[in-house]
Each structure stands twice: as C-alpha cells, then as structure tokens.
Number of protein chains: 2
Amino acid sequence: MAKTESTTPRERYRTQVRAEVMERAWEQIATAGASALSLNAIAKRMGMSGPALYRYFANRDELITELVREAYRSLADTLAAAAATGADLPALARALRSWALTDPQRYLLVYGTPIPGYQAPEDTTAISREIATALLDACAAALPPAAPASPLAAHLATHRAWAANHPAPPEALALFLTLWTRLHGVLSLELAGHFTGMRFDPEVLFESELAALLP
Amino acid sequence: MAKTESTTPRERYRTQVRAEVMERAWEQIATAGASALSLNAIAKRMGMSGPALYRYFANRDELITELVREAYRSLADTLAAAAATGADLPALARALRSWALTDPQRYLLVYGTPIPGYQAPEDTTAISREIATALLDACAAALPPAAPASPLAAHLATHRAWAANHPAPPEALALFLTLWTRLHGVLSLELAGHFTGMRFDPEVLFESELAALLP
DNA sequence: TCCCTCTCGTTAGAAGTTCTAACTCCTCAC
DNA sequence: GTGAGGAGTTAGAACTTCTAACGAGAGGGA
C-alpha cells in the first residue's frame with residue numbers, strides 16, 4: 001500500500017499499460033500459440049499504433065520473457081498454495097495437471113519447444129527452482145522409509161548441484177526427476193493433441209503414472 | 001527402376017528440386033527451429049528468387065507438412081529396421097532416443113509444440129500408426145506371461161479403437177502408452193534444454209525409466 | 001524437323017511483420 | 001507558470017508470405 005502510493009502517476013500508468021499488453025498477449029497466445037504473437041495486433045486492439053508498444057517492451061522477445069516469467073510465477077504460486085494446505089505428492093501432481101489444462105498454451109510456453117534463439121533470463125531459473133523445491137519437499141515426504149537405492153539415485157548422489165541447497169536424499173531427487181518427466185510426458189502429448197483421435201481418457205493414464213510412482 | 005524411367009524429364013527435375021528445397025529446409029530447421037523457416041531464404045540459398053518456390057510448394061504449410069511426413073517416415077523406417085534385426089523393446093527405445101538426438105529439431109517438429117493452425121494430413125497418421133505398431137509388437141513380446149491387470153489396461157480394454165487391428169492384449173496397450181509417454185517425457189525435456197545446467201546425465205534417467213518399465 | 005504448349009523462373013506488388021527515427025503534444029514536477 | 005521528459009504519432013527500412021502478370025525455354029506430338 002505504502003509502496004503503491006510512493007510510485008509516481010507515470011509509473012503507475014506504465015505498469016497498468018504493461019499489464020494490459022500482457023493480458024492481450026495471453027489472449028492471443030491462448031488462441032494462436034506463442035509464435036503467432038503480434039505486437040502490432042496487440043497495439044491495434046488496445047487502440048494505439050504499433051510502435052507505441054516499444055515504450056513498454058524493448059522488443060518481442062522481452063514481452064515473451066515477461067510472459068514466461070508470469071507463467072512460471074503462476075505455477076510456483078499454484079504449487080505453493082497447494083503445499084500450504086498440506087497437499088501430498090499426488091495432490092501436487094493433480095494441481096500441476098489442472099494448471100496445465102487451464103491454459104495449455106501457457107504450459108507449452110514454458111515446457112514446450114523452446115523459441116529458437118531465446119535464452120531464459122536468470123530470475124526465471126530462480127522461480128523454476130521454487131517449483132522444484134515444492135515438488136522436492138513432497139517427494140522427500142512421500143518416500144518410503146527404506147527407499148531402494150536405484151542406479152539413478154546413485155548417479156544423482158554425485159550430480160546434485162542443481163539441488164545443492166535442498167536436504168532431500170538422492171532417492172528423493174530420483175523420484176522428483178522421474179515424477180517430472182513422467183507427468184510432462186503425459187501432459188505435453190495430451191496438450192499437443194497427440195491423443196486426439198485415440199479416444200481414451202488421458203486422465204486415466206495420468207492417474208496410472210501417479211499410482212506407479214508411489215508403491 | 002522401370003518406374004523411374006517411365007517418369008518424364010520434367011517430373012524428375014521437379015522431384016529433384018523439391019528434394020533440394022527440403023534438404024535446405026532441414027538445414028534451416030536444425031539451426032533455428034521450425035518457426036524460423038523462411039521460404040525466401042531457402043530460395044536465395046538455391047540461387048533463385050523467392051516466388052519460384054511456389055511452383056513446388058503451395059505454401060509454407062505444405063512444405064512443413066512434407067517435412068513432418070519425412071520425419072515420420074524416417075522414424076518408422078528406423079524402428080522397422082531395428083525390429084527386423086530382432087531388437088527387443090529396450091533396443092527399440094534406444095533406437096528412438098538415438099534418432100531423436102541425431103536431429104533434435106526433427107523430433108520436436110513431430111512431437112513438440114504443434115504449429116498453431118497446422119493440421120496433420122491423414123497419411124501422416126497412417127505412418128504414426130506404423131510406428132505405434134512396431135512398438136506395440138515389441139510391447140506384446142516383452143509382456144510377462146502373467147501380466148497384472150492395471151486400471152489403465154482395464155480402461156484401454158474398452159477404448160482400444162486406435163489399436164483396433166492390432167492383436168495386442170490391453171496390458172500391452174497400457175505398456176505401450178506408458179512407454180511412449182515416459183520416453184517422450186525424458187526426451188522432450190532433454191531436447192528442449194530443460195536439463196542443461198543441472199549437470200546430470202539424461203541417459204541415466206532414460207535407462208532408469210527403461211529398467212522400470214520391464215520388471 | 002517444326003511448332004505449339006506448358007512449365008519454370010522472373011519482376012512487381014500487396015499485405016503483413018518487427019523495429020528505428022523524428023516529431024508533436026501533454027503531463028508532471030519544480 | 002514553465003521547462004523537461006515521457007507518450008503517442010507517422011514515416012520508413014528491412015523483412016516475411018504469397019499473388020499476378022510476364023518472358024523464355026524445354027518437351028512432346030505431328
């Protein structure tokens with residue numbers, strides 16, 4: 001509140017316009033995908049001319065970066081909110097699936113085919129670490145007391161720099177990676193439409209994978 | 001041979017030019033991704049002017065369709081060749097991974113984020129059925145004699161239209177879907193670069209998934 | 001062998017895109 | 001009130017896909 005009042009009117013207007021641009025961008029992405037995102041079209045829909053948007057975003061890539069950041073933020077918050085209510089690993093996984101199905105293009109923007117020359121900025125990796133932490137916590141909690149030492153866990157015991165500050169045992173790291181890739185496997189193929197025409201329920205497959213993860 | 005000689009010189013020239021266009025297109029896709037594919041750039045690199053390519057491809061989408069078809073064909077042939085040498089399920093899976101790593105953009109073109117308004121033609125689904133058949137055969141062969149009836153298998157027993165002409169039991173269908181999504185989960189995240197910076201070996205994860213599939 | 005036809009490649013141009021440059025105008029801060 | 005600077009404008013360059021109209025040359029039939 002106090003911080004909001006300390007901003008100048010111009011700053012407030014600026015953040016408001018930026019927010020509206022991103023809102024329109026999400027609308028456009030949801031219908032036509034990220035590669036069809038057009039600054040010109042957004043500007044026209046907002047009632048101003050194309051180049052005006054370059055006051056707010058240096059270029060198309062910066063807008064996409066901001067969208068990616070927002071998507072990561074949204075997923076991290078979703079998982080954090082679920083974890084705060086005491087959700088266990090399956091509940092977190094279902095929250096992830098629900099988040100993905102809410103806006104498929106948003107999921108594909110961050111976890112789908114990367115934009116050719118696009119490089120993710122550092123702070124998005126920080127948020128993705130938040131996401132990993134939420135899942136890692138749940139993985140460590142879901143782990144059976146006497147978890148079998150798999151070859152993957154053995155490998156991760158000596159390659160755990162990416163989770164250096166997390167106290168989870170190697171078996172939990174292995175569970176996390178397995179969880180992540182399996183859920184992404186089902187979700188990405190489902191969202192990309194590779195199951196359409198096959199006439200089975202992807203949710204059954206998703207639940208099957210979930211059940212297989214936790215014996 | 002006889003068929004080749006029965007074609008007219010114009011036809012032969014036409015197919016040759018189409019092949020060269022697609023070759024250049026693959027080069028471009030390999031370096032900059034499918035969304036950066038430019039007909040103009042291809043034409044210039046071939047020493048002719050932009051619109052000339054429209055004699056060979058109705059539009060950009062038709063070129064991409066042809067590339068997708070070629071990629072599917074290549075994967076189907078790769079798996080068929082492996083299966084012909086008596087490769088079992090793990091060997092087929094490794095052939096798939098090797099095919100994907102050979103040209104990441106080629107894999108992402110068919111199994112990655114779909115092009116916005118793009119619709120796959122019917123004959124590509126026929127080739128993808130070939131791919132599924134090769135894997136389904138191996139799944140049926142790899143299945144233990146007394147396979148446990150999972151909820152997924154029960155669901156697929158009544159939703160097997162996509163594999164209607166294949167004699168595999170529901171348990172094999174379940175194994176196939178599980179195999180497909182798990183391998184794709186590892187491969188797509190690896191190819192999209194989501195593991196870079198984590199400094200572990202994706203192959204260990206891939207082998208771990210493979211081992212988990214066949215107890 | 002001659003000639004007609006058809007296909008190929010060309011240039012011109014329309015309608016888009018991103019993005020820069022220069023200019024006006026209005027608002028905010030002093 | 002007035003100066004400074006930010007916002008939005010138009011013009012335009014350099015791209016893109018794709019259509020239209022044209023010239024030239026090669027192929028196939030008589």
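## The model and its confidence

This is a predicted model, in which local features need pLDDT of at least 70 and side-chain atom pairs count only at pLDDT 80 or more, while totals for chains, interfaces and linings use all residues. Residues are numbered from 1 along each chain as its sequence is written, and chains are lettered from A and ligands numbered from 1 in the order in which they are written.

The pLDDT is the predictor's confidence in each residue, on a scale from 0 to 100. Chain A has an average pLDDT of 93, with 96% of the residues scoring at least 70. Among the elements of chain A, the lowest mean pLDDT, 46, belongs to helix α1 (residues 2-6) of chain A, and the highest, 98, to helix α5 (residues 89-102) of chain A. Where pLDDT is low, the predicted coordinates should not be read in detail.

## The build of chain A

Chain A contains ten helices and zero strands, where helices (H or I, at least four residues) and strands (E, at least two) are DSSP runs numbered from the N terminus. Along its principal axes, the C-alpha trace of chain A spans about 60 × 50 × 35 Å. The domain assignment, whose bounds come from an automatic or database source, divides chain A into domain 1 (7-58) and domain 2 (72-213). The centres of domain 1 of chain A and domain 2 of chain A, taken over C-alpha atoms, are separated by 31 Å.

Of the 215 residues of chain A, 34% count as buried; a residue is buried if 20 or more other C-beta atoms lie within 10 Å of its own, exposed if 12 or fewer, and partly exposed in between, with C-beta atoms placed from the backbone. Two residues are in contact if their C-beta atoms, placed from the backbone, lie within 7 Å. Among the contacts in chain A with a separation of 6 or more, 66% are accounted for by residues 24 or more positions apart.

The buried residues of α6(A) are Q105(A), R106(A), Y107(A), L108(A), L109(A), V110(A) and Y111(A). Their cover includes α2, α4 (60-84), α5 and α9 (170-191) of chain A.

## How the two copies meet

Between the chains, 35 residues of chain B are in contact with 35 residues of chain A. On the side of chain B that touches chain A, two or more residues each are given by α8 (151-157), α9 (170-191) and α10 (202-213) of chain B, and the largest share, eight residues, comes from α9(B). The residues of this side divide into 18 nonpolar, 14 polar and three charged, where Ala, Val, Leu, Ile, Met, Phe, Trp, Tyr, Cys and Pro count as nonpolar, Asp, Glu, Lys and Arg as charged, and the others, Gly among them, as polar.

Chain B can be laid on chain A with an RMSD of 0.0 Å by a turn of 180° and a shift of 0.0 Å along the axis, when the copies are superposed by least squares on the C-alpha atoms of residues with pLDDT of at least 70 in both. The two copies are thus related as by a two-fold rotation axis. In chain B, the C-alpha of G185(B) is the nearest to the axis, 1.8 Å from it. Of the interface residues of chain B, 100% are also interface residues in chain A, so the copies meet through the same surface.

A residue is near a strand if its C-beta atom, placed from the backbone, lies within 6 Å of it. Of the 19 residues around DNA strand D, those that come nearest are S49(A), N40(B), P51(B), N59(B) and R60(B). The elements that give two or more residues to this surface are α2 (9-32) of chain A together with α2 (9-32) and α3 (39-45) of chain B. By class, the surface near DNA strand D has eight nonpolar, six polar and five charged residues.

Around DNA strand C there are 20 residues, of which N40(A), P51(A), N59(A), M48(B) and S49(B) come nearest. The surface near DNA strand C divides into nine nonpolar, six polar and five charged residues.
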